[in-house]
Amino acid sequence: MNHLFHDVVFFILAAVVVVCSILTVTTKRILRAATCLLFVLFATAGIYFQLDYSFLGAVQLTIYAGGIIILFVFSILLTTPSGDRARKLKNSRMAAGLIAALAGAAVCIFLTLTHTFAPSRLSGGELPMKVVGNALMGTGKYQYLLPFEAITVLLLACIVGGIVIARKR
Amino acid sequence: MEYYLVISTIMFFAGVYGFITRRNLLAVLISIELILNSVDINFAVFNRYLFPDQLEGFFFTLFAIGLSACETAIAIAIIINIYRNIRDIQIKNLNRLKD
Amino acid sequence: MELTPIILLLPLLSFLLTGLAGTKLKPAAAGGIGTLSLALSALLAYLTAGRYFSTPRVEGVYEKIVPFNFEWLRFTENLHIDLGVLLDPISVMMLVVITTVSLMVHIYSLGYMKGEKGFQRYYAFLSLFTFSMLGLVVATNIFQMYIFWELVGVSSYLLIGFYYTKPEAVAAAKKAFIVTRFADLGFLTGILLLSYHTHTFDFGILTSGDSGVFAGAAGTTFLGCSVISWALSLIFVGGAGKSALFPLHIWLPDAMEGPTPVSALIHAATMVVAGVFLVARLFPVYHAEAPEVLTGIAVVGAVTSLYAAIVACVQTDIKRVLAFSTISQIGFMMVGLGVSGMGGHDGLGYMASLFHLFTHAMFKALLFLGAGAIIHAVHSNEMARMGGLYKYMPVTHLTFLVACLAISGIPPFSGFFSKDEILAATFQFNPVLGTILSFTAALTAFYMFRLYYRIFWNRPAHYDHAPHEAPGSMSFPLIFLAAITLVAGFIPFGQFVSSDGVAYTIHLDWKIAGGSVAIAGAAIGLATLLYRKENPTAGKLAAAFPLLYRAACKRFYIDEIYLFVTKKLIFNGISRPVAWFDRHIIDGALNGAASLTEKLSLAIRGLQSGHVQQYALLTLGGTLLIVLGILLV
């Protein structure tokens with residue numbers, strides 16, 4: 001029962017991801033592309049939840065779906081005249097991109113499906129938040145305080161950089 | 001688990017396709033987000049299925065999300081700046097920045 | 001003795017100072033620096049000579065002293081190049097000669113070059129030249145000598161081409177440089193051969209008389225001569241180039257394009273005797289290892305002196321006459337070396353040759369400086385524009401006469417003693433050679449007095465303004481050198497310099513001396529007859545032997561032969577095809593490569609479009625190809 005439910009949810013998520021990511025890159029209106037991206041990100045968060053990585057899913061929702069998409073939407077509204085549509089693509093360009101993408105996808109999927117992975121040791125169960133917190137804030141082996149600090153500095157630099165670049169002269 | 005990988009692959013190459021064909025800088029950026037996202041999924045999936053006792057993939061994804069937030073913010077700042085200069089964000093017009 | 005490096009360093013310093021300061025220095029200051037440093041050098045050289053020759057002999061020989069030596073480049077255990085100072089009788093003598101003549105030239109130039117453009121440059125080059133020449137004579141090893149040898153070459157090039165706006169001067173400088181370079185190639189090859197087989201550059205070891213040094217070369221022969229003979233012959237070729245021996249003499253007459261004091265310094269007194277000095281320096285080696293080469297040297301010297309003397313008889317440019325007489329006198333010295341044996345009376349030639357070098361340096365410098373004074377006064381080199389100058393320039397006239405008498409070999413002037421010794425040595429070696437030299441000596445007397453009469457007597461030319469006596473700075477060197485010329489013959493030269501270093505007392509062989517004086521006197525008489533007054537006989541004589549006269553005027557077409565060989569044979573036969581090959585095959589290949597690259601880059605320029613998306617596409621395509629390749633193979 002639970003297993004079946006799990007599969008159904010996965011197929012729904014998979015369908016959303018596939019359809020929306022293709023729509024994202026093919027739609028003519030940029031705002032629609034952003035919306036589809038939002039759906040892709042939601043579905044990705046769903047996948048994290050399904051993997052029992054609730055924290056990761058939450059981060060995905062807040063940062064990606066919450067933060068980044070807002071940025072996108074605002075910048076689109078700022079920079080794109082309403083009703084603007086992407087002009088018709090040159091056929092050769094589109095064909096080249098399509099062929100490359102399809103060929104790449106075909107190769108990767110073929111490899112994925114034919115490769116025998118090590119037997120899965122999926123144990124099930126939620127990854128406890130306490131473990132995540134300890135690993136993130138510890139300095140020992142398999143603990144990540146240093147990258148955490150690095151990324152905080154990076155974010156700070158990013159804020160400063162964003163302001164410097166975008167501010168009016 | 002292969003199915004997760006398949007959908008992330010599709011997402012990845014959709015991003016690649018968008019990156020190659022889009023004309024709008026923002027659309028290109030969106031495509032990059034797709035690519036990043038698909039890679040994140042891969043990390044999480046590999047971590048969960050092959051090494052459930054460890055957390056490298058998990059944290060890598062976590063940091064990648066943070067990084068992509070940074071990257072997007074800076075990229076959008078740059079794009080807005082470009083827009084302010086040339087009133088356009090179509091890639092083929094970017095060489096007007098040289099003027 | 002310890003001061004000898006300073007003798008060298010003073011001119012170098014003065015060169016650096018005047019050369020670097022350039023026109024920032026006042027002309028008088030540059031001249032002053034050059035002259036003063038040379039004066040100090042000369043003083044030190046006299047001191048050194050005095051001290052050197054007053055130290056007691058060891059086993060009858062003046063010791064060789066190396067007051068300063070510095071190892072510069074070490075190749076192998078035995079083979080290394082040093083820079084140092086070697087004092088032995090001949091180098092000390094050369095120090096005195098060079099500094100004296102150079103000092104006189106420096107003083108003289110103060111007056112002669114006054115107001116010339118590039119006065120400072122002139123003094124810088126003079127100093128450089130003096131430095132190189134001094135370095136050459138005190139060299140402790142053959143390679144150091146070669147280094148300074150080339151320095152002499154380059155500084156003479158600079159001095160000859162001093163009037164670089166005059167095309168003839170530039171051509172002459174180039175000619176001098178190229179001809180001597182050709183000869184130096186022989187010198188270098190000789191050095192390499194010699195050092196390869198003896199494992200040393202050092203003069204001390206080479207001339208020690210120890211035949212073990214040459215043991216390594218024993219048995220190695222090439223075209224029937226031992227390898228040492230070849231090496232020594234090649235070294236002699238280098239010397240012949242610098243000393244302007246036939247047939248490498250062609251540069252010297254042209255080199256008269258330089259300022260006259262330079263001619264005095266380079267062509268008469270110092271540079272041209274470098275070859276003589278070289279042979280003298282290596283004389284023990286020549287004598288012990290390759291006596292046949294010495295004979296060759298003697299023959300070359302005799303041919304040169306005879307040839308140059310004949311040509312000198314018909315030249316009309318006074319400096320050219322002097323140039324050819326220099327060539328002739330150098331030939332004399334070479335003969336002297338060539339016929340010499342080792343030690344005692346056999347070594348008479350060696351001693352005489354160096355004695356002649358000494359006296360010749362003085363009186364030839366005097367002649368050139370006198371000629372300079374004359375040119376200074378009448379502004380022409382041509383005899384036709386002179387005549388009757390004895391009234392106007394008494395000092396120059398007298399000193400010139402002294403020099404002419406000296407070079408003609410009239411006692412008691414210095415040239416008599418030294419030339420007579422050479423004649424004596426030559427007769428002793430081979431009467432035929434001796435006769436040739438005697439004839440040459442007669443010719444010498446004849447052309448010198450032809451020159452003298454045409455300048456100072458004969459029909460007075462028309463002068464735009466009356467010629468005047470040279471200023472004090474120019475007449476002082478004339479008088480000084482004339483004084484040396486008067487007394488130098490009485491120096492007991494054999495006491496100081498001889499082939500084996502043992503003191504040798506000069507005996508005048510009155511049979512030969514008397515003969516040669518008589519011949520010279522007759523020649524002078526003939527010249528007096530022909531040129532004392534304006535006289536048509538000389539022209540008639542020339543007309544009587546048109547072929548000989550024309551050939552002599554054209555210097556026996558040696559230059560034309562050179563031109564023919566270089567222009568017609570080498571240029572057409574070798575250079576043209578090589579140039580064609582260069583232009584069409586090599587350049588063609590390079591141009592082809594260049595245009596191919598250009599076309600290729602134009603073709604692939606599209607790849608470097610700057611479009612990131614295109615790059616991404618290509619990257620992806622490439623990656624896919626690699627992956628597929630891995631999968632399929």
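Let's start with chain B: of its 99 residues, 55% are buried, where buried means that 20 or more other C-beta atoms lie within 10 Å of the residue's own (12 or fewer would be exposed, anything in between partly exposed, with C-beta atoms placed from the backbone). This is a predicted model, so local features need pLDDT of at least 70 and side-chain atom pairs count only at pLDDT 80 or more, while totals for chains, interfaces and linings use all residues. As for the labels, residues are numbered from 1 along each chain as its sequence is written, and chains are lettered from A and ligands numbered from 1 in the order in which they are written.

The model as a whole scores ipTM 0.86 and pTM 0.64. Per residue, the predictor's confidence is given as pLDDT, which runs from 0 to 100. Chain A has an average pLDDT of 83, with 91% of its residues scoring at least 70. For chain C the mean is 79, and 86% of the residues reach 70 or more. Within chain A, helix α2 (residues 30-50) has the highest confidence, at a mean of 89, and helix α5 (residues 129-137) the lowest, at 82. A handy rule: where pLDDT is low, the predicted coordinates should not be read in detail.

**What the chains are built from**

Helices (H or I, at least four residues) and strands (E, at least two) are DSSP runs, numbered from the N terminus. Chain B has three helices and zero strands, so to speak a plain α-α-α when you read along the sequence. Chain A has six helices and zero strands. Chain C brings 25 helices and four strands.

Here is how the chains look side by side. Two residues are in contact if their C-beta atoms, placed from the backbone, lie within 7 Å.

| Chain | Residues | Buried | Contacts joining residues at least 24 apart, among those at least 6 apart |
|---|---|---|---|
| A | 169 residues | 25% | 48% |
| B | 99 residues | 55% | 45% |

**Where the chains meet**

How many residues of chain B are in contact with chain A? There are 56 of them, and they meet 64 residues of chain A. On chain B's side, the elements giving two or more residues are α1 (2-21), α2 (25-50) and α3 (56-86). The largest share, 19 residues, comes from α3(B). Sorted by class, this side of chain B has 40 nonpolar, twelve polar and four charged residues. In that sorting, Ala, Val, Leu, Ile, Met, Phe, Trp, Tyr, Cys and Pro count as nonpolar, Asp, Glu, Lys and Arg as charged, and the others, Gly among them, as polar.

Chains A and C touch too: six residues of chain A are in contact with six of chain C. Chain A's side of that meeting has four nonpolar, two polar and no charged residues.

**The cores**

A nonpolar core is a set of buried Ala, Val, Leu, Ile, Met, Phe, Trp, Tyr and Cys residues joined through C-beta atoms within 7 Å. The largest one has 205 residues, and those with the most contacts inside it include C:Ile160, C:Val279 and C:Leu354. Helix α15(C) gives this core its largest share, 21 residues. A second, separate core has 67 residues, among them A:Val40, A:Tyr144, B:Ile65 and B:Ala75. In soluble globular proteins, nonpolar side chains tend to be buried together.

Let's zoom in on C:Val279. Leaving out residues up to four places away in sequence, C:Val279 touches C:Phe236, C:Gly239, C:Tyr286, C:Ile297 and C:Leu337.

Is C:Leu367 buried or exposed? C:Leu367 is buried, because 33 other C-beta atoms lie within 10 Å. Beyond its neighbours within four places in sequence, C:Leu367 is in contact with C:Leu322, C:Phe400 and C:Ala403. C:Leu367 and C:Leu478 are 111 residues apart in sequence, yet 8.6 Å apart in space, C-alpha to C-alpha.

**Two helices of chain C**

Helix α3 (residues 89-112) of chain C has 24 residues and reaches 34 Å from its first C-alpha to its last, close to the expected 34 Å. That expected span is 1.5 Å times one less than the number of residues. Of the 24 residues of α3(C), 23 are buried, so this helix is largely enclosed by the rest of the structure.

Helix α18 (residues 431-456) of chain C has 26 residues and reaches 37 Å, close to the 38 Å expected. Here 20 of the 26 residues are buried, so α18(C) is also largely enclosed by the rest of the structure.
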